[in-house]
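Please read them with the coordinates open.

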Amino acid sequence: PMSRGYARYVLAVLTLVYMVSFIDRQILAMLVEPIKSEFGVSDTAMGFLTGFAFVIFYTLAGIPIARLADRISRKLIIATALSLWSAMTALSGMAKSFVHLAIPRIFVGVGEATLTPSALSMLGDAFPRRRLGLATGGAAADDSQVVIKLRHDFRCSSFPYPYHGQCKISGFSDRFNAQCTLRSRREIRRKCGPTMPSSPDE
């Protein structure tokens, strides 16, 4: 069985990954004005970029990925997806047109769709039922607004527009989190069914 210490390690890694996902999800919404200024696009176009382009693919990809999480390594799914959406976030910082910005945004949505089903499944195996609500709430706590505000105020002077630097910093810094996820030891899946013995903690 999974030890309490390792369960906490899993929670810490997933909390970090969730924080990264919130940052990469919201970064364009927090940098609307610089993007509008560079590409000369309307509020409607920005609404598509920060809303529909992300949400529709995030929603559609979530269901098949949830089924996949029941069959293969969840940490591999999360690490692979994290590498995908962080690379796409960094690629957004290199965009030369609005279309070049929208395409990576779609893949950010697809990548982030893997996180919640895989993470909840891992937490469900790591924690007893009575502690599961606290664990999932802690992992998904949205503290990204503070981080993104600090990054926005930092202003990368080596880039022509602030959003270029923010996207590149956010995307490239996520590689560490992917490595932490992959270095987690072999997953332990909890057996379920009517014959499953109850734990004293449950």
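Which residues in α4 meet which residues in α5?

1. In this predicted model, the α4 side of the contact is made up of Ala 81, Leu 84, Trp 85, Met 88, Thr 89, Leu 91 and Ser 92, and these meet Leu 101, Pro 104, Phe 107, Val 108, Gly 111 and Glu 112 in α5.

2. As for the geometry of the pair, helix α4, which spans residues 74–92, packs against helix α5, residues 98–112, at an angle of about 160°, and their axes are 8 Å apart. Because angles over 145 degrees count as roughly antiparallel, α4 is described as roughly antiparallel to α5. The crossing of α4 and α5 is left-handed.

3. Turning to the aromatic residues, the structure holds four aromatic pairs. One of them joins Tyr 6 and Tyr 9 in a tilted arrangement, with 5.6 Å centre to centre and 35° between the planes. Tyr 6 and Tyr 9 both belong to helix α1 (residues 4–30), and because they are three residues apart there, about one helical turn separates them.

4. On confidence, the chain averages a pLDDT of 75, and 69% of the residues score at least 70. Two stretches call for caution: pLDDT stays under 50 over residues 154–159, for which the model has eight contacts beyond four places in sequence, and also over residues 193–202, for which the model has nine such contacts. Where pLDDT is low, the predicted coordinates should not be read in detail.

Notes: Residues numbered from 1 in each chain as written. Predicted model: local features only at pLDDT ≥ 70, side-chain atom pairs only at ≥ 80, totals over all residues. Heavy atoms only, no water. Axes fitted to C-alpha atoms, helices over the stretch in contact; angles between N-to-C directions. Helix = DSSP H or I, 4+ residues; strand = E, 2+ residues; numbered from the N terminus. Parallel < 35°, antiparallel > 145°, perpendicular 65-115°, else oblique. Left-handed = near helix turned anticlockwise from the far one by under 90°. Contact = heavy atoms within 4.5 Å. pLDDT = per-residue confidence, 0-100. Phe/Tyr/Trp six-rings, centres within 6.5 Å; stacked < 30°, edge-to-face > 60°.
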